[in-house]
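Subject: Structure for you to look through, with notes

Dear colleague,

I am passing on a structure that I would like you to open and look at slowly before reading my notes. Please keep it on the screen while you read.

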Amino acid sequence: MHNIEAAAELLDGVGIARPEIESAVRKLLEAFGEDVGRQGLEKTPERVARMYDELLAGYRVNPHEMVNEALFDVAYDEMVIVRDIEFYSLCEHHLLPFIGSAHVAYTPSGQVIGLSKIPRIVDLFARRLQVQERMTRQIAEFIEAAVHPYGVGVVVEGLHLCAMMRGVKKANARMVTSAMCGSFQENAATRQEFLALIGRGSSPSLF
Ligand SMILES: [Zn+2]
């Protein structure tokens, strides 16, 4: 995939409809058996709508603006790694958070991307309704499409509140996913270098 719009799956025109969210939250509170008029809940629909606007902002980030003026021609072809990027996302199955850290690496082939952009790319995909596997893949594909490197590796470690809070499958609450493209997929030594540098070299069985 070499098209950043496709990689970013921009949902053009899908702005968040705050009034609809507010009325849906009011209905949800009623269905819980709550008194939507009581003091603590009075402004809850409005607050929740504002919150989703922020938590789901990733659908409306322009990918060109994201990488615009952040690509630099550099004769450097060693691995670039950004570790421990915090992310906050929402599981699309339960609308509950999954949170954790992402580790992103690529081997440039003529161009590098400004370091501050990598956490913003993670954010772009985290601030959507997600499943962790797809988010991991989207981050890798977006970097591949934007930077055209020799390869990209992404490892995401997430804690899923839908599993933790419900207590039924606590063992599955912590999840590790990875996506490897290009040289990271084809070359075991490159992949191992990446995993070692993010402190995962000793547990290749996770992948
Ligand atoms: Zn879930």
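This is a predicted model: local features need pLDDT of at least 70, side-chain atom pairs count only at pLDDT 80 or more; totals for chains, interfaces and linings use all residues.

Residues are numbered from 1 along each chain as its sequence is written, and side-chain values use heavy atoms, with hydrogens and water left out.

The chain holds nine helices and seven strands, where helices (H or I, at least four residues) and strands (E, at least two) are DSSP runs numbered from the N terminus. Its C-alpha trace spans about 60 × 40 × 25 Å along the principal axes. Of the 207 residues, 43% are buried, and here buried means under 20% relative accessible area, exposed over 50%, and partly exposed in between, with a 1.4 Å probe and protein chains only. Among the contacts (heavy atoms within 4.5 Å) with a separation of 6 or more, 70% join residues 24 or more positions apart.

A nonpolar core is a set of buried Ala, Val, Leu, Ile, Met, Phe, Trp, Tyr and Cys residues joined through side-chain atoms within 4.5 Å. The largest one has 37 residues, of which Y106, I139 and F142 touch the most other members. Helix α6 (residues 132-147) gives the most to this core, namely eight residues. Once neighbours within four places in sequence are set aside, I139 is in contact with V104, I121, V122, F125 and V154. Another core, of ten residues, lies apart from it and includes L41, Y52, Y59 and L90.

Which residues coordinate the zinc ion? They are C91 (SG), H94 (ND1) and C162 (SG), at 2.1 to 2.3 Å, where donors are N, O and S atoms within 2.8 Å of the metal (3.2 Å for Na, K and Ca); water is not among the atoms, so the site may look incomplete. Because C91 lies in strand β2 (residues 80-91) and C162 in helix α7 (residues 161-166), the pair ties together parts that are 71 residues apart in sequence. C91 counts as buried at 5% relative accessibility, and C162 counts as buried at 6%.

Helix α2 (residues 18-31) and helix α3 (residues 44-55) pack at an angle of about 130 degrees, with their axes 8 Å apart; the axes are lines fitted to C-alpha atoms, for helices over the stretch in contact, and angles run from 0 to 180 degrees between N-to-C directions. The residues that meet include I21, V25 and L29 in α2 and V48, A49 and Y52 in α3.

Finally, some single residues deserve a look. G158, in strand β6 (residues 151-160), is buried, with a relative accessible area of 1%, and among the residues that G158 touches, not counting those up to four places away in sequence, are F87, I99 and M175. Most residues other than glycine have a negative phi. D84, however, has a positive phi of about 55 degrees although it is not a glycine; D84 lies in strand β2 and counts as partly exposed at 48% relative accessibility. L95 also has a positive phi of about 55 degrees without being a glycine, and L95 is found in the loop between β2 and β3 (97-107).

With best wishes
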